[in-house]
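Open the model in a viewer with the sequence panel beside it. The stops below go from one selection to the next.

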Amino acid sequence: MVRPALLWSDLMRRIRCAIYTRKSSEDGLEQGFNSLDAQREACEAYIASQKHEGWELLPDRYDDGGISGGHLDRPALRRLMQDIDGKQVDQIVVYKIDRLTRSLADFAKLVDRLDASEASFVSVTQSFNTATSMGRLTLNVLLSFAQFEREVTAERIRDKIAASKKKGLWMGGNVPLGYQADGRTLKIDEDEAATVRTLYDLYREHRAIRLVKERAEELQLRTRRSERPDGRVTGGGSFDRGHIHHILANPIYAGRIRHKGQVYEGQHPAIIDPGEWDKLQALLEGGAAKARGTKQRATRSPLAGRLYDETGDRLTPSHSRKNGRRLRYYISRRLVVDRSKKHPDAWRLPAEQLEGLLTEIVQQHLGRGNAAALMTTDVAAAGLVAVEAALRDVPSPGKIFRLIQRVDLRPGLLQLTLDTEAVASLLGVLPGQIESKALTIEAPFQMRRRGVELKLHLGVAPVEIDQPLIRNIVKARTWLTMILDGQTFTKIAETDGTSTRRIQAVIELAVLAPDILDSIAAGDQPVGLTSDYLIKTGFSAVWAEQQEQFASL
């Protein structure tokens with residue numbers, strides 16, 4: 001029996017193609033022929049041109065209209081990837097790769113899922129596909145530029161918001177209780193403003209958030225009641241303690257605008273007199289200390305209320321626990337007041353090290369035995385002899401903390417101001433006999449981080465190489481080489497005994513600028529330039545922009 005000859009179509013592999021289209025905005029989607037239709041038409045024509053390769057178009061449509069490409073949470077894309085996982089699709093066809101995603105990290109996740117299902121994708125306007133190693137390399141480069149463009153646009157928006165807030169303009173968001181939005185400013189809602197003023201009055205009277213909450217409930221004060229477009233009603237309930245604290249600490253009520261730790265004069269009217277608001281902040285800080293036990297707090301955090309960073313923000317005591325040990329810190333207050341943001345410019349200093357540093361500075365200043373520098377010129381010689389004798393007995397740390405009136409911190413330098421009356425009492429003289437200029441001390445200091453540990457040093461800090469950061473950079477460059485050789489994130493994770501998520505997080509360290517790598521190798525990089533910062537915060541792939549971003553750390 002003679003077997004029939006096989007046709008070419010029988011030998012040719014069938015490649016099932018799904019077209020994916022996306023548009024970021026909803027503008028024009030109502031038209032009869034819109035951007036999604038144009039993308040699909042181009043993709044259909046391309047698939048038809050590849051019919052000789054076995055390509056055939058699947059009937060299902062995967063269209064995401066009005067959805068950003070900055071994330072993967074898109075209905076049509078989710079449905080498409082489920083079909084990929086179920087091996088119902090062999091190839092995704094897109095008009096341009098940024099229609100699929102603009103994020104390099106998201107792209108890596110999609111490629112891993114495509115590899116697992118033996119699928120790939122192709123762009124009809126760019127001649128490559130993910131089935132080849134060269135296609136993967138080209139895609140990585142193009143997606144890096146797409147992500148860069150997206151990040152630059154976001155930076156421009158952030159810069160515009162920052163510039164507008166410096167001018168005191170309201171830039172949107174949740175409208176605070178007591179106000180209504182009025183274009184780029186706010187206007188007072190008198191009914192709600194009465195509630196805000198009452199909360200401030202209650203705190204001045206009781207000086208405890210808990211008591212304010214109880215009295216507010218007795219007075220039946222209520223939060224703002226809002227009805228959403230879907231009919232759901234929110235608010236209208238009692239104030240909780242966190243909400244009350246937020247209202248009392250919000251500079252918006254003093255006619256100011258806060259942005260990234262900085263406070264600017266706003267163009268909206270104040271509900272609370274600015275001077276009264278400032279006084280209440282001191283009460284609020286003192287009330288927090290009292291609520292936790294004033295005696296214990298003063299013992300454990302003797303500098304509370306006397307430390308300020310370069311923005312004028314007060315540093316407040318905080319603590320954490322590690323291996324059963326209580327670790328104390330002084331942190332910028334904005335980290336406590338506004339937890340919704342990262343505040344990369346905020347301070348978080350180990351309390352014991354800072355207290356030891358300040359103790360050493362004051363002891364050196366007072367222990368010189370130079371009474372003449374501390375006293376005014378009209379002090380008699382006998383008085384100077386008595387002061388010299390008092391200075392020979394260097395004050396203990398406990399006494400030194402009582403001498404400190406204020407400490408202002410900025411990168412590389414601290415300014416310490418001693419309390420006139422406390423110093424006069426220590427030396428046994430009248431406050432008027434103290435030379436005021438001698439009570440201000442400026443001292444250079446450096447912070448050096450080794451891994452997650454931060455150390456403070458007077459003067460120039462010794463060089464310490466951040467070995468964990470160097471190890472992560474070496475890993476990142478090794479993994480990047482493997483990817484360029486065609487290996488997948490999944491394969492690399494299996495080989496190195498790690499996770500794909502870890503690889504995707506660390507691999508960006510491979511694009512650090514050469515001069516920054518030299519600084520890290522020498523141990524003189526900015527104090528905040530750590531593995532944790534680079535991995536969690538992210539940074540630009542452009543070397544010149546890296547220098548600008550890291551300069552402020």
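This is a predicted model: local features need pLDDT of at least 70, side-chain atom pairs count only at pLDDT 80 or more; totals for chains, interfaces and linings use all residues.

**Stop 1: the main core**

Select Leu 358, Ile 404, Leu 414, Leu 416 and Leu 418: these have the most contacts inside the largest nonpolar core, which has 37 residues. A nonpolar core here is a set of buried Ala, Val, Leu, Ile, Met, Phe, Trp, Tyr and Cys residues joined through side-chain atoms within 4.5 Å. Buried means under 20% relative accessible area, exposed over 50%, and partly exposed in between, with a 1.4 Å probe and protein chains only.

Next, colour the elements that each supply at least two residues of this core: H13, helix H16 (397–403), strand E17 (404–410), strand E18 (413–418), helix H17 (420–427) and strand E19 (440–450). H13 gives the most, with seven residues. Helices (H or I, at least four residues) and strands (E, at least two) are DSSP runs, numbered from the N terminus.

Zoom in on Leu 358. Leaving aside neighbours within four places in sequence, Leu 358 is in contact (heavy atoms within 4.5 Å) with Leu 303, Leu 307, Ile 404, Val 407, Leu 414 and Leu 416.

Residues are numbered from 1 along each chain as its sequence is written, and side-chain values use heavy atoms, with hydrogens and water left out.

**Stop 2: the sheet**

Show strands E14, E15 and E16, which form an open antiparallel sheet in that order. Two strands pair if DSSP finds at least two bridges between them. The edge strands, E14 (315–322) and E16 (348–350), each pair on one side only. E14 and E15 (residues 325–332) are joined in the antiparallel sense by eight bridges. Lys 322 stands opposite Arg 325 in E15.

**Stop 3: Glu 355**

Select Glu 355 in helix H13. Is Glu 355 buried or exposed? Glu 355 counts as buried because its relative accessibility is 8%. A polar contact of 2.9 Å joins its side chain to that of Arg 328. Such a contact is a pair of N or O atoms within 3.5 Å; within protein, one must be able to donate a hydrogen and the other to accept it, and residues adjacent in sequence count only if both atoms are side-chain atoms.
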